[in-house]
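Here is a briefing on helix packing and nonpolar cores. Please keep the sequence and the model open while you read.

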Amino acid sequence: MKPAMFTLNCKGRLLTIDTPVVMGIINATPDSFYEGSRKNNIDAALQQAGKMIEEGAGIIDIGAQSTRPGSHIVGPEEEISRLHAITEAIAKRFPGIFISVDTYYSQVAMAAANMGASIINDISGGHFDPDMLTTVAGLKMPYVCMHVQGNAKTMHQLSVYNNVVTDVMDYFIQRMEQCNKAGIADIILDPGFGFSKTAEQNFQLIRSTASFVALGKPVLIGVSRKSTIYKTLGITAQEALNGTTVLHTASLLAGAHILRVHDVKEAVEAIRLTRYLLP
């Protein structure tokens, strides 16, 4: 299924998605699950961002809070402190790139906009901070709305559904309505692989990518090197690149629009090749 075309208003700049886009991950954290994504100083972050952009990333996603199971939760002030210099440096060095900031705090979203970010990526879909949706609407930034159950402490422990696919669909329909009411113009849907889901539920979501695409919004796939891959294969996150590419390919063939990845080159190659397989 060929992905539909979308044009997103990123604080006055237009991000056109007429072919799938790669979002490269940079973590300004000491404890994210994949060590290769951790870039805690300006030079390392700039080097990684430059490499990702050269390899074809259209978006750089910067996070300052690890969301892996058991990670330490930090407050908005600490997130802002971790993000500030790195985000500003990337925005200045690479003015043509779109920067996304991964946060569930409205205070961080506001600060990130002033640092040069133009997309907000919220794992909570607006549930962890009641001011998030109105804040993003006021900033006129696209909003990545992810599915999750529970709160920041319990989200990895809750995986009970009537039917994981239809429950996530219903969640998206409800959250899209709330985003529209708040005034958010551009919404991106993320099924939340690995959050409040078992491995089998994650595979069900991958198989149902086309159902999420049918909701008429860009769909983001975030499976890169996650435990569904490496635990299923009996390997480590460091060895999970090949498995990541397999799931990326399945998602692309079903019409996915954005791949959030640790490994840009391989994701871009998957996009280029799957173009020849789509009807």
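Predicted model: local features only at pLDDT ≥ 70, side-chain atom pairs only at ≥ 80, totals over all residues.

Residues are numbered from 1 along each chain as its sequence is written, and side-chain values use heavy atoms, with hydrogens and water left out.

**Helices α2 and α3**

- Helix α2 spans residues 76-93 and helix α3 spans residues 106-115. Helices are DSSP runs of H or I with at least four residues, numbered from the N terminus.
- The two pack at an angle of about 20 degrees, and their axes are 9 Å apart. Axes are lines fitted to C-alpha atoms over the stretch in contact, and angles run from 0 to 180 degrees between N-to-C directions.
- α2 and α3 are therefore roughly parallel to each other (angles under 35 degrees count as such).
- Their crossing is right-handed (the near helix is turned clockwise from the far one by less than a right angle).
- On the α2 side, the contact residues include Ile80, Leu83 and Thr87; on the α3 side they include Val108, Ala111 and Met115. Contact means heavy atoms within 4.5 Å.
- The residues of this contact divide into 7 nonpolar, 4 polar and 3 charged. Ala, Val, Leu, Ile, Met, Phe, Trp, Tyr, Cys and Pro count as nonpolar, Asp, Glu, Lys and Arg as charged, and the others, Gly among them, as polar.

**Helices α5 and α6**

- Helix α5 (residues 164-182) packs on helix α6 (residues 199-207) at about 65 degrees, with axes 9 Å apart.
- That makes α5 roughly perpendicular to α6 (65 to 115 degrees).
- Val164, Val165 and Val168 of α5 meet Gln201, Gln204 and Leu205 of α6.
- This contact of α5 with α6 has 4 nonpolar, 2 polar and no charged residues.

**Nonpolar cores**

- The largest nonpolar core has 78 residues; Ile90, Tyr143, Ile184, Phe212 and Ile221 touch the most other members. Such a core is a set of buried Ala, Val, Leu, Ile, Met, Phe, Trp, Tyr and Cys residues joined through side-chain atoms within 4.5 Å.
- α5 gives the most to this core, with 8 residues.
- Phe212 touches Val165, Val168 and Leu205, among others, not counting residues up to four places away in sequence.

**Met110**

- Met110 sits in helix α3.
- Met110 counts as partly exposed, at 41% relative accessibility. Buried means under 20% relative accessible area, exposed over 50%, and partly exposed in between (1.4 Å probe, protein chains only).
- Met110 touches Thr135 and Leu139, not counting residues up to four places away in sequence.

Conventions:
Parallel < 35°, antiparallel > 145°, perpendicular 65-115°, else oblique.
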